[in-house]
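Q: I'm new to this one. Can we go through a few parts of it together?
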Amino acid sequence: MAGVHISTTINGDMVEFACPQDETLLNSLRDRVGLTGVKEGCGTGDCGACSVTLDGRLVCSCLVLSAEVNGRNITTVEGMSEEGKLHPLQEKFIEHAALQCGICTPGFLVAAKVLLEDNPKPSEEEIRYALAGNLCRCTGYDKIVRAVQAAGKEMRKKRR
Amino acid sequence: MLRVNIGGSLRTAVEGADAIDLEAETIDELLRSLSLRYPRFEPLLKSGIAVAINGEIYRDNWYVKIPLDAEVFILPRIQGG
Amino acid sequence: MGHDTKFTNQEFKLVGTRPARPDGVDKVTGRARYGADISAPGQLVGLVLRSPYAHAKIKKIDISKAEKLKGVKAVITDADLPDNTKGNRDLLDILENCMARGRALYDGHAVAAVAAIDDQTARKALKLIKVSYEKLPHVTDVDEALKDGAPIIQDFVVDPRTKKNSNLCKLTTLGHGDIDAGFAEADYIVEQSFKTEQTHQGYIEPHACLATLGPDGAGELWVTTQGPFAFRSTCAELLGLDISKLKVTSSEIGGGFGGKTHVWVEPLALALSRKANRPVKMVMSRDEVFRASGPTSSTSIDVKMGVKKDGTITAAHAVLRYHNGAFPGFWGMLGAMTSFACYDIKNIKPVGYDVLVNRPKVAAYRAPSAPMAAFAIESTVDMLAHKIGMKPIDLRIKNAAKEGSRASYGPTYGPIGIGPTLDAAKNHPHMRAKLKKNQGRGMACGFWFNFGGQTCVDLNIGTDGSVNLIVGTVDVGGSRASLSLIAAEELGIAYEQVKTNIGDTASLGHNDMTDGSRGTFSSGMATIFAARNAIEVLKERASKMMDVPLEAIVWENGTAKAIGKGHSNMAPLSLKEIAAAAPKTGGPIAGHKEVVADNAGVSFASHICDVEVDPETGSTRVIRYTVIQDAGKAIHPDYVEGQFQGGAAQGIGWALNEESIYDKNGILQNPGFLDYRIPVCSDLPFIDTQILEIPNPNHPYGVRGVGETSIVPPLAAIGNAVSNAVGVRMSHIPMSPMRILKALDDA
């Protein structure tokens, strides 16, 4: 099968790679770019572990072909902390014990960041529906929702 | 003399007995004397058993002393998640 | 008997606090490496060909075309996995479950495997393998499999009663007293049948490994597992290797819940690597995880219980039929053992049936087998309460097991915690909250054994006074934080000074798996003793440095202090100071301990649940949920709560949605998260927790296992809540909208 050459921006860096035409963005990110923080839980868009943003929009990278991302802008969990400092969501996830095994955590963080950027003060219900595309089997979501609430509060404080 | 209670499906290995009286000071002695008396019991030792002494379950500590008049149960060794 | 108990009820400085976990930053930044996150130079991609039939004879496997495909480096079948099991039937079953041997026993059973230079080539190679099957009659339903004339799955299995070839692989009769006399004493008798469907642990990380095995018989396995030592011995035995020549490293584990206590593709990856003489990476797809890895039993349970008007339960009888998949297990036996464990009943008779069907080999799932038995028994207990007009909580309190009660698995209990969880439930504000229309409240109790087992740890003190704790129990839910807390508590230093790592099989002695809720219990116990051993070394060095006899040195608050005549003015030496001098006082300072941590202490929980059922659609929402459980001593309460909440959420999914559906051909219809629906964030409320601390006398800090019991009560708690909401007894889970509507129609 013919390959494609992709030139894209990932977490602010210019990245180039070649891959088969039918390769998913998930596989390219993990196997070609080395961003293994993007996790595969299902490969069918049901679990959200592979969540990334594509031009600011939340997507399951297992449902995007790498051939589609030429010239576009991608962010992953690896791009969340800036200048050596954790993002408030990352801090609050640790502080609130919002992870047990941690495999779903990258996807939750990316999804929660998109939520808080769109809606800085979400209700509990809004948080629960915004994160309904991300599966967690360990926590029962209790501490995840609390961590997102706490991070939202922190971010609003900073913005003031 | 110690009364050793045998649980459930393990009874088939001891000719259906639900309790057996024998002399033993440790779990190891108990298991050895059971194997001597009931050859079909020995393979069970390999696949795994547990011993409850006064309600406390031992799976590995075979040299624990069994108190006089203790309640002893032989149980299958089971698995958790 | 038992362990040092003098520290039970001690005042703790750190234990019981909630510091950040040591692996937190790795896990929120994507740096943590799980099973699929590692690669080796020259690695191949391994894939498995699986049976499309529920039951078939494999007449021929032609791999010649696949082998010739460019880029294919190895193709294996059962011929590459000779039987090294020396008559050990259980081990042979594991081998055959990993790779079919002349017959496919369930949809998804592995038939062959390939290793190729990339995923595309490996996929092409799978298509080139030609398998000739002869379809055989199959059975997937547990009740059907017990009927005369049902297709027989294993020739070596005989019914223990008739001695005839059968699918009944184990029959377990337990109990005490005389149930006939007990039922004769009863004022009311309730009889009810129940069914539960097959569920899956549903860990988000699929099975994954990277295997290297050379012609010298030496190998390495990087794998997502709950037990690297058990994986090492099983893989070594299956492949005929020396145990010490195989090094198994557990990756970060993306959820296990029992499902990662068993080997699946790992022996295949090693066999492919041996054949190709290159590293082989294998990652299961979600479809494969659902079709071929560890489900729970589906069950069919009949319960009969008798009660007097005053609420005394006089007799209890249960027949519990559990499917085992295609290989014999002991899951029905476990169901029978746990069935009436919460109660003090004079006459009981639980009977467990273990039944073979054409489904994947059943694997452990969090308190395996207990949730289904609890569903049946706890539902019946509620029915008894309604019958005599007593509150279900009061009936439970009246009949609760206590010290001196006989357990359904035989022995007499010592001090146990069911009573306190029930009292806490009765007094909980949740019990008094008002319910609205279409809402119902239910409660249920649960029991699990908990295990200890073989454990060893190393505790090394660096010259800067920081401490490296190496444990062999895989961290599935935050145990590194708890173990760091324990080491710091014992040494008298700051939590941040301790870093806990999980050792590989080449760096520590054998450790049993992280199963049976044993991680923090057993490694915690070994850590306490290792730290005490290290303190002895620290004191010895301090005695040299201070020129004071060893007997005059005591360890207090992280310092060596000289006591007695003439020493009162001497400044104490801190751990840091002693560590800095270590190279000149005798070399590295370390503590080590091997233990068999028996007597983990049985565990009980009581759950309360409110649901709202939409009578139009049959859809159910859990609107409030409370977990009350005895933790012995909560080392890191956040992660204890996390276990309570996670277990409850899995139980809620089991009760309302989750079900593996097999069609009439025995083919799994929903091998994905879209149709096998685990609870999502918007399905659940906050899950309230109440930790009780009734110290376990057999652990120096009073710890009990906490991981599993929380999944036991939810099925019944929700069943009782839904039944109360709709006014009809729900006896089949999951209580999907369709089943609820049907129950309403039938009523």
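A: To start with a term: two strands pair if DSSP finds at least two bridges between them. Keep in mind that this is a predicted model.

Q: Is β3(B) mostly covered or exposed?
A: Mostly covered: four of the five residues of β3(B), which spans 49-53, are buried.

Q: Switching to chain C. What's the strand order in the open sheet there?
A: The order is β20-β21-β22, three strands with antiparallel pairing. β20 (553-556) and β22 (573-574) of chain C are the edge strands, each pairing on one side only.

Q: How many bridges join β20(C) to β21(C)?
A: Four. Within that pair, C:Ile553 stands opposite C:Ala562.

Q: Which helix lies across those strands?
A: α16 of chain C, residues 519-546, lies across β20, β21 and β22. The helix runs at about 125 degrees to β20(C).

Q: How many residues does chain C put into the contact with chain B?
A: Chain C gives 35 residues and chain B gives 25. On the chain C side, β7 (168-173), α10 (331-338) and β17 (453-461) each supply at least two residues. The largest share, four residues, comes from β7(C).

Q: What classes are the residues on that side of chain C?
A: There are 18 nonpolar, 11 polar and six charged residues.

Q: Last topic, chain A. At what angle do α2(A) and α5(A) cross?
A: Roughly 140 degrees, with the axes coming within 8 Å. Because of that angle, α2(A) is oblique to α5(A). Angles over 145 would count as roughly antiparallel.

Q: Is the crossing left-handed or right-handed?
A: The crossing of α2(A) and α5(A) is right-handed.

Q: Which residues make the contact?
A: From α2(A), A:Pro88, A:Leu89, A:Lys92 and A:Phe93. From α5(A), A:Ala147, A:Ala150, A:Ala151, A:Glu154 and A:Met155. By class, this contact has seven nonpolar, no polar and two charged residues.

Key:
Residues are numbered from 1 along each chain as its sequence is written. Chains are lettered from A and ligands numbered from 1 in the order in which they are written. This is a predicted model: local features need pLDDT of at least 70, side-chain atom pairs count only at pLDDT 80 or more; totals for chains, interfaces and linings use all residues. Two residues are in contact if their C-beta atoms, placed from the backbone, lie within 7 Å. Ala, Val, Leu, Ile, Met, Phe, Trp, Tyr, Cys and Pro count as nonpolar, Asp, Glu, Lys and Arg as charged, and the others, Gly among them, as polar. Axes are lines fitted to C-alpha atoms, for helices over the stretch in contact, and angles run from 0 to 180 degrees between N-to-C directions. A residue is buried if 20 or more other C-beta atoms lie within 10 Å of its own, exposed if 12 or fewer, and partly exposed in between; C-beta atoms are placed from the backbone. Angles under 35 degrees count as roughly parallel, over 145 as roughly antiparallel, 65 to 115 as roughly perpendicular and the rest as oblique. A crossing is left-handed if the near helix is turned anticlockwise from the far one by less than a right angle, and right-handed if clockwise.
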